[in-house]
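Could you have a look at the picture and keep it at hand while you read?

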Amino acid sequence: MPSRRTFLAGSTAALGVTAPAAAVPVARAAAPTALPEPTAVTGTRPPNLVVVLADDLGYGELGAYGQKLITTPRLDRLAAEGLRFTDAYSTAAVCAPSRGSLLTGLHTGHATVRANPSSGGQGSLTAADTTFAQVLRARGYRTAVIGKWGFGPEAAGQDSHPAARGFEEFYGYIDHGHAHQYYPEYLWHNDTKEAIPANAGGAKAVYAPDLLEQHALEFIGNHAEEPFLLLLTPNVPHAPSDIPDTGAYADRTWTAANKGHAAQVTYFDALVGKVVDRLRALGLEQDTVLLVTSDNGPHEEGGVNPDLFDANGPLRGYKRNLYEGGVRIPLIAWGPGRVRQGTSDRPTPLTDVLPTLAELGGAPAPTDVDGLSAAPLLAGSPDSARHGHLYWFRDELGVTSRADAQDAKRATWLAEAVRRDNWKAVRFAPQRDHDLPDAQWQVELYDLAADLGESRDLATAYPARVTELVALMRSSWKDSYPRVPFGTRLTLPALAVPGEAFTATATLDNGSSRAWAAVSLDLRVPAGWTVAPASRATAEQLPAGGRLTTSWRVTPPANASPATAWTLTAEGGALAPGGPVRYPATGTVPTPPPAPTRDSYLSDLAWISAANGWGPVERDASNGKNAAADGPPISFGGTVYPKGLGVHAPSDIAYHLGGAAVRFTALVGIDDFSAKQSALGATRAKVYGDAVSC
């Protein structure tokens, strides 16, 4: 029998990629301790916070913003009772980067997501991205996102999933493209796909926005007794113009697409009205702040004619343009007794949502965000901070006719824009290279005070102003934007060997602007595991920018189940100026699978883990002997491939071999169908032994 201190391996191996790996069961962690009740320092109840985000709703598509053909009575009433912003902005002209900025408070010169995934951009949030849900969850808010999430991959248990970014309740679409389906065959509920059998085979029986409405109203009702944060993101009025009933527009002489689009806008209006009705029925209207907005300008897809509706109002441009029509959006704030009535011309980008919600909820916020809190403005103060400038970046391969015409046939060029005071500059790069010298960009300059429609280019008349604004564009862009650490991070080893201790390390970073007191770090482990502190776990105070680091020695029981991913949770707690905060960080550590009892191919052994950027990880059941088409087909973007790890490598595959090794040979391959194949290689394989890792 081989010694446990002998390197464990099989004799020969050939690695291929065809059949999906079997899912590894997850053991439940010990029950978490309750998060603190959010109590403001003033003793008053922190407000419920509701953010409703429309998909491709134009600046001029609400009655309160001048719409004449589409009826939006509920939103018009909210605008009259609350605060209507005339100069609110998305941070991008398409949805994924705009939504990423909304969540994280970073503009598109700094954000992780700067383009739609369909244009080859980063489509996922990362562990370094702190969302406003994480900020409010730390103060004890119950948090939910209902609707379109839009950041892949479409899988649970990864850093871009809503649960990993602070939302304890999720119902809707994970994937950007999936959200284009109004009658989907499934929606996600937390980490599970829930089938909608009535829509199977392309049937149109269950309208997904109706399900989103149901879950949103249930969430409000379930948490009426405690402060909550709801991000409601229905996919209306994005193309296609699918809706069960065009209602009041059925008899119009418009095309079917235009009737459907108008009905979708009115549906959105009614949805917001139902949210308000539920708040009032529960007596919560005095305890709630509601924000209603859109992710970018109006679309023209699926046959919709935005000009019929004057969807961009007095503005130039549409979705995909960096002119005002592509990025200026409606924004209504409502909250009886909490939000003043009137209008505001403060230039207010969606990056301001994170710090605004944080201040309203008494929660610390990261200091390295681009947003500024508008909470004083909502309460009626004229002293709300104003931005020195606003910045936009565009990297978009999709093109539509009207947007392309507005861009003078440059809709697929890299573009960026900046607004300072009432001056607006837009520039286009003839090559897809942000580092292109400034002289090669084509720059336009507009005075929004005199020319809101951006019809008169003043670049040649004001060269000094152009130079000033281009310099702001350059300074606003960072190829990478390392974040100031915020909250708790947990570091675990690659494997947990039953009966043997390992070290777990956690850090709590105060990335806010003010000191925290009564600081602590705790670790929760699965039942039956033992844990002992290996370093100090408390501090009287953590200054702004400070860090507390703690380690523990953790021992799984000798009889811990093999081939299981075990969950551990570190939680940092402190007393912040607004009240107590608790930041959890969850990680998993697997126990190795049983050792093989004979010489084996790697493809016959259990994997510790197998993952790649996108798509299924496949196992070659022929042990490398068969050519393509020996496994189930996979599909990306409507194109079917015979087999492969898919696009957007790298991939990670880890094996535990578990036997005394005489020889180890691995043949590693990948079918790479990505448009830009990586020169760094596509696959990384790991082999673990008891005493050696190679």
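Leaving aside neighbours within four places in sequence, Ser119 is in contact (heavy atoms within 4.5 Å) with Asp395, Glu396, Leu397 and Gly398. Keep in mind that this is a predicted model, where local features need pLDDT of at least 70, side-chain atom pairs count only at pLDDT 80 or more, and totals for chains, interfaces and linings use all residues. Residues are numbered from 1 along each chain as its sequence is written, and side-chain values use heavy atoms, with hydrogens and water left out.

**Around Ser119**

- You will find Ser119 in the loop between α2 (95–104) and α3 (132–137); helices (H or I, at least four residues) and strands (E, at least two) are DSSP runs, numbered from the N terminus.
- With a relative accessible area of 9%, Ser119 is buried (buried means under 20% relative accessible area, exposed over 50%, partly exposed in between, with a 1.4 Å probe and protein chains only).
- The side chains of Ser119 and Glu396 make a polar contact at 3.1 Å (a pair of N or O atoms within 3.5 Å; within protein, one must be able to donate a hydrogen and the other to accept it, and residues adjacent in sequence count only if both atoms are side-chain atoms).

**A sheet of four strands**

- Strands of a sheet pair through backbone hydrogen bonds, either parallel or antiparallel.
- Here, an open sheet with antiparallel pairing has the order β18-β19-β23-β21; two strands pair if DSSP finds at least two bridges between them.
- Its edge strands, β18 (487–491) and β21 (530–533), each pair on one side only.
- Eight bridges join β19 (residues 502–509) and β23 (residues 547–555) in the antiparallel sense, and Phe502 stands opposite Val554 in β23.

**Aromatic pairs**

- The model has 20 aromatic pairs (rings of Phe, Tyr and Trp, its six-membered ring, with centres within 6.5 Å; planes under 30 degrees apart count as stacked, over 60 as edge-to-face and the rest as tilted).
- One of them is the stacked pair of Tyr249 and Trp254, 5.9 Å centre to centre with 25 degrees between the planes; both residues are buried.
- Phe502 and Trp529 are edge-to-face, because their ring centres are 6.2 Å apart and their planes stand at 80 degrees.
- That pair links distant parts of the chain, 27 residues apart: Phe502 is in strand β19, and Trp529 is in the loop between β20 (516–524) and β21.
- Phe502 is buried, with a relative accessible area of 7%.
- Ring pairs also link Phe132, Trp149, Phe151 and Phe167 into a cluster.
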